[in-house]
Amino acid sequence: MNFSPIDLRILRELRNNARISNKVLAGRVGLAPSTCLARVRRLVDGGAISGFYAEFNPKEIGVGVQAMICIRMALHDREAIDQFRAHIQAQDEVVSFYLVSGRDDFMMHVAVRDVDHLRDFILRALTERPEVDHIETRLMFEESRNPGFPVYKGAAPERDNPLEG
């Protein structure tokens, strides 16, 4: 899929606010609403947009503690990794889960009520798993999301990618 500068502006606007109305989006990117809607549909159908999500205010929904947990596996065969991945993805506390390179095998972002909930989650979901060898937890004191996202595939070469920053 090739992206025009207008497609990149559409992606940036939707990344900033997925609930933006088509009429407002069209005005911001300089298109007629019908043309804008067709472009958004093309981006969805082409796979560039994989979904639309709501972002939550953690404190308003009862999340008092967030943490990044690094996990080193004792077993590195595909079956153990697949079983562990399925187990973790079934846990409500897990916000995101990453298979990574380096000393650790996985990193996960978790959101819990408080430190007692975090401790209980780690004991229940991680330490009881035989494939887990090492767990390291880092509390998150602040979170900030960059609404930009670089587009390299099929983007017209520009000095400044409109999806960055």
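Asp82 is partly exposed, at 34% relative accessibility. Here buried means under 20% relative accessible area, exposed means over 50%, and partly exposed covers what lies in between (1.4 Å probe, protein chains only). Asp82 forms a salt bridge with Arg85. The closest N and O atoms of this pair are 3.0 Å apart. A salt bridge is a side-chain nitrogen of Lys or Arg within 4 Å of a carboxyl oxygen of Asp or Glu. Arg85 is also partly exposed, with a relative accessible area of 26%. Both residues lie in helix 4 (residues 78-89). They are 3 residues apart, about one turn of the helix. Helices (H or I, at least four residues) and strands (E, at least two) are DSSP runs, numbered from the N terminus.

The model is predicted, so local features need pLDDT of at least 70 and side-chain atom pairs count only at pLDDT 80 or more, while totals for chains, interfaces and linings use all residues. Residues are numbered from 1 along each chain as its sequence is written, and side-chain values use heavy atoms, with hydrogens and water left out.

Side chains of opposite charge can pair when their charged atoms come close. The count of salt bridges comes to 10. One of them joins Arg42 and Asp7, with the closest N and O atoms 2.6 Å apart. Arg42 lies in helix 3 and Asp7 in helix 1, so the pair ties together parts that are 35 residues apart in sequence. Arg42 is partly exposed, at 35% relative accessibility. A further salt bridge links the side chains of Arg138 and Glu136, at 2.8 Å from N to O. Arg138 is partly exposed, with a relative accessible area of 42%. Glu136 is partly exposed as well, with a value of 27%. Salt bridges with shared partners also join Asp7, Arg39 and Arg42 into one network.

Helix packing comes next. Helix 1 (residues 5-16) and helix 3 (residues 33-45) pack at an angle of about 80 degrees. Their axes are 11 Å apart. Axes are lines fitted to C-alpha atoms, for helices over the stretch in contact, and angles run from 0 to 180 degrees between N-to-C directions. Helix 1 and helix 3 are therefore roughly perpendicular to each other. Angles of 65 to 115 degrees count as roughly perpendicular, under 35 as roughly parallel, over 145 as roughly antiparallel, and the rest as oblique. On the helix 1 side, the contact is made by Ile6, Asp7, Ile10, Leu11 and Leu14. On the helix 3 side, Cys36, Arg39, Val40, Arg42 and Leu43 take part. Contact means heavy atoms within 4.5 Å. The residues of this contact divide into 7 nonpolar, no polar and 3 charged. Ala, Val, Leu, Ile, Met, Phe, Trp, Tyr, Cys and Pro count as nonpolar, Asp, Glu, Lys and Arg as charged, and the others, Gly among them, as polar.

Helix 3 also meets helix 2 (residues 22-29). The two axes come within 9 Å and cross at roughly 95 degrees. That makes helix 2 roughly perpendicular to helix 3. Asn22, Leu25, Ala26 and Val29 in helix 2 meet Pro33, Cys36, Leu37 and Val40 in helix 3. The residues of this contact divide into 7 nonpolar, 1 polar and no charged.

Leu11 lies in helix 1 and is buried, with a relative accessible area of 13%. The C-alpha atoms of Leu11 and Ile88 are separated by 30 Å. The two residues are 77 residues apart along the chain.

The loop between helix 3 and strand 1 (65-73) holds Ile61. Ile61 is exposed, with a relative accessible area of 53%. Ile61 and Arg113 are 52 residues apart in sequence, and 9.3 Å apart in space, C-alpha to C-alpha. Phe52 lies in the loop between helix 3 and strand 1. Phe52 is partly exposed, at 45%. Leaving aside neighbours within four places in sequence, Phe52 is in contact with Leu14, Ala18 and Val44. Phe52 and Ala18 are 34 residues apart in sequence, and 6.0 Å apart from C-alpha to C-alpha.

The cysteines complete the account. The structure holds 0 disulfides. A disulfide is a pair of cysteine sulfur atoms within 2.5 Å. Cys36 is buried, with a relative accessible area of 0%. Cys70 is buried too, at 3% relative accessibility.
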